[in-house]
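Please consider the following points alongside the sequence and the model.

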Amino acid sequence: MTPAVPVPTYPFPLPKLRFEYDALEPFIDAETMRLHHGKHHQAYLDKLNAALAAYPELHQMSIEEILIHFPQLPEALKPVVRTQGGGHANHQFFWKILKAVPGTGPTEAVGLLADAINDAFGSFAAFQEEFTNAAMKVFGSGWAFLVLDPKNGGKLKVHTTANQDSVLLEGLPGLLCCDLWEHAYYLKYQNRRADYLAAFWHVVDWEIVGRRLEGMRAGRKQL
Ligand code: MN3
């Protein structure tokens, strides 16, 4: 048994990446990663932590637990949790499912995850097409996700949100996410979101995504 990794609580720290800023080149450039992780993500954290300082009753909760309990939060706190808390949770999730180049391990879903994708979409290629099309349709800033749909027997589906809204606000556990804000790709791809999305598939860590699904199917807390 490996000891459980402690879940971060207030004040939320900037999560360490498992790779260097240049490790996703040429698909995601080092300068984008440096700004995205070090500046953008840090800014969401700073505003979230500042707002949470006055709510000690929330200081033992993970950001995911706070988002899941969103309806019960104090009204004055909700806008900050939705935007800055969502921003923190989404970016923390995004960094987890990315992998360094050249990647080892599968370049597409395998095992249980492949079966679940085939069951929901027909094939891996059909899933990628649906995810990309949904991501292209998000007007302005937002996120694309692969989620489990509890209302449909846990079947997988593609879901998008606007701004920094987390899928946890809608009770949807996420397996995969892609940041669609221009700050995620503008330096390298400018307005070419389609090129960024094509590059994204090269840096997805399918082992991690598969483990998320296995954890959820086994009833382990995995948000
Ligand atoms: Mn971002």
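1. Buried means under 20% relative accessible area, exposed over 50%, and partly exposed in between (1.4 Å probe, protein chains only). By this criterion His36 is buried, because its relative accessible area is 1%. Asp179 also counts as buried, because its value is 0%.

2. This is a predicted model, in which local features need pLDDT of at least 70 and side-chain atom pairs count only at pLDDT 80 or more, while totals for chains, interfaces and linings use all residues. Residues are numbered from 1 along each chain as its sequence is written, and side-chain values use heavy atoms, leaving out hydrogens and water.

3. The manganese ion has as protein donors His36 (NE2), His91 (NE2), Asp179 (OD) and His183 (NE2), at 1.9 to 2.1 Å. Donors are N, O and S atoms within 2.8 Å of the metal (3.2 Å for Na, K and Ca); water is not among the atoms, so sites may look incomplete.

4. Along the chain, the donor spacing is H-x54-H-x87-D-x3-H. His36 in helix α1 (residues 30-52) and Asp179 in strand β3 (residues 174-179) are 143 residues apart, a pair that links distant parts of the chain. Helices (H or I, at least four residues) and strands (E, at least two) are DSSP runs, numbered from the N terminus.

5. α1 packs against helix α3 (residues 78-96) at an angle of about 140°, with the axes 9 Å apart. Axes are lines fitted to C-alpha atoms, for helices over the stretch in contact, and angles run from 0 to 180 degrees between N-to-C directions. The contact (heavy atoms within 4.5 Å) includes His36 of α1 and His91 of α3.
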